Amino acid sequence: MTFRTGITIQAIGDLTPSNVVDLGMAINLKHIEFDPTVFPDISNVLKRLRTEQTTIHAPYMEDYHMDLSSKTSEIDKLIEDITLYKSRMNIIGVIVHPPLDAGGDMDKFYNRLDMLPFPLLENMPYQSWDDFLDFFDTTQANVNNHLGMCFDIPHSFITNGSKFLDIPVEVLNHLSSPKGYIHISGGTADEDTHYPLLTEGIIPFHEVEEFLKRISFSGTVTMELYPRSFQDIDKILQSYILMLSIAKKRIHKLSVQIKRPFIMRKINKMATTKKITSEKG
């Protein structure tokens, strides 16, 4: 079993996406999931970006106060940017939440999905698998674009408790493809905390590891981790080392282990001039 593993990168406090990309390139990240904050900083990001692939997380109501159904030109501009930079960023997909804008337009939602590269519909906290599959099937019936799935493990843990890895065959079929896509982080039974792996969260990570092995996962695992402070970045590096070990990327793992103290020295210098404030996504 081997798969790509990567990290979410977004603007965090005084850190721009290109600042974080700098750190990501130091550990030779093969995959990055960006949010819309990448595009105001895109010229600086492109100067630094050297990854095999990226994805974009589309905005959603809880944190962005708009989604793909919203009647705002900001969404249209985002889709223009994704289309414009798709090749240069090697964008392989766009993660999409169910639309929740009370003033939104479902026709706009469907039309915009048709403009995106491989939309990946994500399961939500407190959303049953039946409800998720109903949403997926209804959406697929209304678009011409082929849809994929993003299996968010902490969301399933909130919804399904100890059975968080008992997934429907339809979801498993999507994960079994090389285009399979997973979100992982530390979390609790009732909050999507985005903790680094094996830290404050209670998700039994050994079960996640066995699950990936059992299904011979060959897609992409994105660690959706948001630091609360500069000290958390070392925990993120440790999380990355753990995922590289599971993905059997031994040489890459050794390289990150060697570079880790040097990167943390650079982080500690940055901490004197910049601030981190985290927002969950």
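1. At the start of helix α7, a side-chain oxygen of Asp 152 comes to within 2.9 Å of the backbone nitrogen of His 155. Helices (H or I, at least four residues) and strands (E, at least two) are taken here as DSSP runs, numbered from the N terminus. The model is a predicted one, in which local features need pLDDT of at least 70 and side-chain atom pairs count only at pLDDT 80 or more, while totals for chains, interfaces and linings use all residues. Residues are numbered from 1 along each chain as its sequence is written, and side-chain values use heavy atoms, with hydrogens and water left out.

2. Helix α7, residues 153–160, is mostly covered, with six of its eight residues buried, where buried means under 20% relative accessible area, exposed over 50% and partly exposed in between (1.4 Å probe, protein chains only). The buried residues are Ile 153, Pro 154, His 155, Ser 156, Phe 157 and Ile 158, and they pack against β5 (119–122), α6 (129–141), β6 (148–152), β7 and α9; contact means heavy atoms within 4.5 Å. After α7 comes Gly 161, with a positive phi near 60°.

3. His 155 also takes part in a side-chain polar contact of 2.7 Å with Asp 192, a polar contact being a pair of N or O atoms within 3.5 Å, of which, within protein, one must be able to donate a hydrogen and the other to accept it, and residues adjacent in sequence count only if both atoms are side-chain atoms. Asp 192 lies in the loop between β7 (181–184) and α9 (205–214), and its side chain makes a further polar contact, of 3.3 Å, with the side chain of His 194. Asp 192 counts as buried because its relative accessible area is 12%.

4. The largest nonpolar core has 82 residues, of which Phe 34, Met 89 and Leu 212 touch the most other members; such a core is a set of buried Ala, Val, Leu, Ile, Met, Phe, Trp, Tyr and Cys residues joined through side-chain atoms within 4.5 Å. Helix α10 (residues 232–246) gives the largest share of this core, eight residues. Leaving out residues up to four places away in sequence, Leu 212 touches Met 1, Phe 3, Ile 182, Phe 217, Val 221, Met 243 and Ile 246. Apart from this core lies another, of five residues, among them Ile 95, Phe 118, Cys 150 and Tyr 181.

5. Asp 234 is found in helix α10 and is classed as buried because its relative accessible area is 16%. With residues up to four places away in sequence not counted, Asp 234 touches Arg 260 and Met 264.

6. Asn 90, in the loop between α4 (73–89) and β4 (91–96), has a positive phi of about 50° although it is not a glycine. Lys 248, in the loop between α10 and α11, is likewise not a glycine and has a positive phi of about 60°.
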